[in-house]
Amino acid sequence: MPVYLDHAATTPITGTALAAFTQHLSRSGNPSSLHGSGRRARIVVEESREKIAVAGGAHRSEIIFTSGGTEANNLAVKGLYWARRAADPARRRILCSSVEHHAVQDTVEWLASHEGADIVWLPVDAHGVVSIEALEHEIEADPGNVALVSVMWANNEVGAVQPIHDVVELAHRHGIPVHSDAVQAFGTIPVNFADSGLDTMAVSAHKIGGPVGVGALFVGRSVSLTPTQHGGGQERDVRSGTLDTAGIAAFAAAAEFAALNLTQEANRLVELRDSLIEAVQRAIPEAILRGPLEQGDYAKRLPGNAHFTFPGCEGDSLLFVLDMAGVESSTGSACTAGVPRPSHVLLAMGLTESEARGAQRFSLGHTSTSSDVDALVAVLPGAYASARKAGMAGHVSTIQTAGTISRAGNVSGTMRQGEK
Ligand code: PLP
């Protein structure tokens, strides 16, 4: 079995979620149907909605089920933009952190190229935390033309937890709605929608031990959103599509389990994370930890996140060599057609392109133990040496041609590999 250190990309389904999933998969019934099977499915959906609302500190009427985090972010950003602009055409400015996941970043860029939005990328500090001063400056410059603010709750690459309460406080002074992508935070650190004051918040099941393909957008009761897809209007007329009863039931089981164990699990992961960081830095003194420096706590950094840059090598090469050695990790950012691009998150934090290219994220989750850390540290020095030999130029193909690695890797092609 490989050592899995990529829980931020997706984490294995938990036992209770799998049980709920299989139980409801074998039953039929559309929750919108009026007969007995439909009504039974509807009860499952509504009980699940309640569980997810409780786990996220919301009222059940505030949960809109989606096909995952990407759809939830699209619905929030486009839906808020269109609704706000319809109410006042002057509202075209979107204030957005410069370290958003592509699910938000590309959505905002699409609004700029197709719908006349003006984007302001809010700067972050060297640890990836958004500048509240910059946000204040941008809002104060012209509050009337701001359509929305979007700042993620915690960053998927470097684990930086963002000052969401301050963001909301500033924006709400001027009645500006705030969206947050909480896909990495929900179920991992305390997230309470009501306390946050957010208008919309995106979450995803497969990051917390639920299945892939289901998520939710939390939407405050007084928030107006323009739908992005049209059809049966199943979810408050804002989101259409037959609800995935089994996926939703499994999502609820995972959310309930995560909420119940949150403090205990976060503390366990913090200890493991800190030991991983220390062990990596002992094994490779050149490795530079990126993201907030925080020992023994998870207020500033996600409990399962350790992110480094390794000088003199391509992150993709290191990933590939580690994979060959049985350790699965991630560079954390997107690559196109097999060509790695430096992460926009690391560039926003002030790294040079060459520094950013050596990125490697090790992320821990509910199946992680200290033996995973031991296994990583056992192979890392050799893997780093091999990846360094390949240098910065050729990445994976260089390693393959150099014959360092025997197994063929599926790394080229025209697919863009999404960021996780
Ligand atoms: N937002 C963040 C911060 C993520 O890490 C991810 C997952 O990669 C997403 C959004 C997309 O979520 P999903 O995979 O459910 O579409």
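This is a predicted model: local features need pLDDT of at least 70, side-chain atom pairs count only at pLDDT 80 or more; totals for chains, interfaces and linings use all residues.
Me: Are helix 2 and helix 8 roughly parallel or roughly perpendicular to each other?
Reply: Two packed helices are described by the angle between their axes and the distance between the axes. Here the axes of helix 2 and helix 8 come within 8 Å and cross at roughly 30°. Angles under 35 degrees count as roughly parallel. Helix 2 and helix 8 are therefore roughly parallel.

Me: Is the crossing of helix 2 and helix 8 left-handed or right-handed?
Reply: The crossing angle of the two axes is roughly 30°. As helix 2 passes helix 8, the crossing is left-handed.

Me: How far apart are the end C-alpha atoms of helix 2?
Reply: Helix 2 runs over residues 36-56, which is 21 residues.

Me: What arc around the axis do the buried residues of helix 2 cover?
Reply: The buried residues are Gly38, Ala41, Val44, Val45, Ser48, Arg49, Ile52, Ala53, Ala55 and Gly56. They sit on the same side of helix 2, because their arc around the axis is only 170°.

Me: Which exposed residues does the face of helix 2 turned away from its buried side carry?
Reply: The buried side packs against helix 1, strand 2, helix 7, strand 8 and helix 8. The face turned away from that side carries the exposed residues Glu47 and Val54.

Me: Which residue just after helix 2 takes a positive phi?
Reply: Just after helix 2, a positive phi of about 65° belongs to Gly57.

Me: Is Glu71 buried or exposed?
Reply: Glu71 lies in helix 3. Leaving out residues up to four places away in sequence, Glu71 touches Thr66, Gln229 and Arg239. Its relative accessible area is 14%. The cut-off is under 20%, so Glu71 is buried.

Me: What distance separates the C-alpha atoms of Ala86 and Val3?
Reply: Ala86 also has its place in helix 3. Ala86 is exposed, with a relative accessible area of 66%. Ala86 and Val3 are 83 residues apart along the chain, and their C-alpha atoms are separated by 50 Å.

Me: What is phi of Arg236 near?
Reply: Most residues other than glycine have a negative phi. Arg236 lies in the loop between strand 8 and helix 8. Arg236 is partly exposed, at 37% relative accessibility. Its phi is positive, near 50°.

Me: Does Asp237 count as buried or exposed?
Reply: Asp237 lies in the loop between strand 8 and helix 8. Its phi is positive, near 65°. Relative accessibility is 59%. The cut-off is over 50%, so Asp237 counts as exposed.

Conventions. Residues are numbered from 1 along each chain as its sequence is written. Side-chain values use heavy atoms; hydrogens and water are left out. Helices (H or I, at least four residues) and strands (E, at least two) are DSSP runs, numbered from the N terminus. The expected span of a helix is 1.5 Å times one less than its number of residues. Buried means under 20% relative accessible area, exposed over 50%, partly exposed in between (1.4 Å probe, protein chains only). The arc is that of the directions from the helix axis to the C-beta atoms. Contact means heavy atoms within 4.5 Å. Axes are lines fitted to C-alpha atoms, for helices over the stretch in contact, and angles run from 0 to 180 degrees between N-to-C directions. Angles under 35 degrees count as roughly parallel, over 145 as roughly antiparallel, 65 to 115 as roughly perpendicular and the rest as oblique. A crossing is left-handed if the near helix is turned anticlockwise from the far one by less than a right angle, and right-handed if clockwise.
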